[in-house]
Amino acid sequence: AVYGYLSDKLKLPLSELSNDKIQFELDRLIDEVFAKEIIDLIDFCEMAKYAPNSGFTTAEVLHNTKELIARIEKKLK
């Protein structure tokens, strides 16, 4: 879902998305620290997909994702 959102927001085809491409595009649009938070979230979601015992609950991940998306919306208006 995060990839789909970023694909739409960055106006990039889903097939072209990679962490490097996302990082590059976000660095152009927002500050580097915030862009890194978004990449960290993507990495965490990928890890959780294959290693469900990540130490975070689904509710925590969802909450953090919602907060980041709200911050992206404010920054990219």
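The legends below describe close-up views of a predicted model.

Local features are given where pLDDT is at least 70 and side-chain atom pairs at pLDDT 80 or more, while totals for chains, interfaces and linings use all residues of this predicted model. Residues are numbered from 1 along each chain as its sequence is written, and side-chain values use heavy atoms, with hydrogens and water left out.

**View 1. Helix 1 and what covers it.**
Helix 1 spans residues 2-9; helices are DSSP runs of H or I with at least four residues, numbered from the N terminus. Val2, Tyr5, Leu6 and Ser7 of helix 1 are buried, where buried means under 20% relative accessible area, exposed over 50% and partly exposed in between, with a 1.4 Å probe and protein chains only. The cover over these buried residues includes helix 2, helix 3 and helix 4. An α-helix has 3.6 residues a turn, so residues three or four places apart point the same way.

**View 2. Helix 1 against helix 4.**
Two packed helices are described by the angle between their axes and the distance between the axes. For helix 1 and helix 4, the axes come within 12 Å and cross at roughly 0°. Axes are lines fitted to C-alpha atoms, for helices over the stretch in contact, and the angles run from 0 to 180 degrees between N-to-C directions. Helix 1 and helix 4 are therefore roughly parallel to each other, a term for angles under 35 degrees. Val2, Tyr5, Leu6 and Lys9 of helix 1 meet Thr65, Ile69, Ile72 and Glu73 of helix 4, with contact taken as heavy atoms within 4.5 Å. Sorted by class, this contact of helix 1 with helix 4 has five nonpolar, one polar and two charged residues. Ala, Val, Leu, Ile, Met, Phe, Trp, Tyr, Cys and Pro count as nonpolar, Asp, Glu, Lys and Arg as charged, and the others, Gly among them, as polar.

**View 3. Helix 1 against helix 3.**
Helix 1 and helix 3 pack with their axes 11 Å apart, at an angle of about 145°. From helix 1, Val2, Tyr3 and Leu6 meet Ile38, Leu41, Ile42 and Glu46 in helix 3. The contact of helix 1 with helix 3 has six nonpolar, no polar and one charged residues.

**View 4. The largest cavity.**
The count is one cavity of 30 Å³ or more. A cavity is a set of points on a 1 Å grid over the protein atoms alone where a 1.4 Å probe fits but cannot get out, and its lining residues have an atom within 4 Å of a point. The largest cavity holds about 40 Å³ of space; a volume is the space filled by probe spheres set on the points, which are joined across faces, edges and corners. Its lining consists of Val2, Tyr5, Leu6, Ile38, Leu41, Leu68, Ile69 and Ile72. Helix 1, helix 3 (32-50) and helix 4 (58-75) each supply at least two residues of this lining. By class, the lining has eight nonpolar, no polar and no charged residues.

**View 5. Tyrosine 3 and leucine 17.**
Tyrosine 3 is in helix 1 and counts as partly exposed, at 25% relative accessibility. Beyond residues up to four places away in sequence, tyrosine 3 touches Leu14, Leu17, Asn19, Ile22, Ile42 and Glu46. Leucine 17 belongs to the loop between helix 1 and helix 2. Leucine 17 is buried, with a relative accessible area of 12%. With residues up to four places away again not counted, leucine 17 touches Tyr3, Leu6, Ser7, Leu12 and Ile22.

Most residues other than glycine have a negative phi. Lysine 11 is not a glycine, yet has a positive phi of about 55°. Lysine 11 follows helix 1 and sits in the loop between helix 1 and helix 2. At 72% relative accessibility, lysine 11 is exposed.

**View 6. Leucine 26 in helix 2.**
Leucine 26 lies in helix 2, which covers residues 19-29. The relative accessible area of leucine 26 is 0%, and leucine 26 is buried. Apart from neighbours within four places in sequence, leucine 26 is in contact with Leu10, Ala35 and Ile38.

**View 7. Valine 61 and cysteine 45.**
Valine 61 is placed in helix 4 and is buried, with a relative accessible area of 17%. Valine 61 and cysteine 45 are 16 residues apart in sequence, and their C-alpha atoms are 7.9 Å apart in space.

Technical notes
1 Å grid on protein atoms, 1.4 Å probe; cavity = no way out; pocket = protein on both sides within 12 Å on 5 of 7 lines; lining within 4 Å. Parallel < 35°, antiparallel > 145°, perpendicular 65-115°, else oblique.
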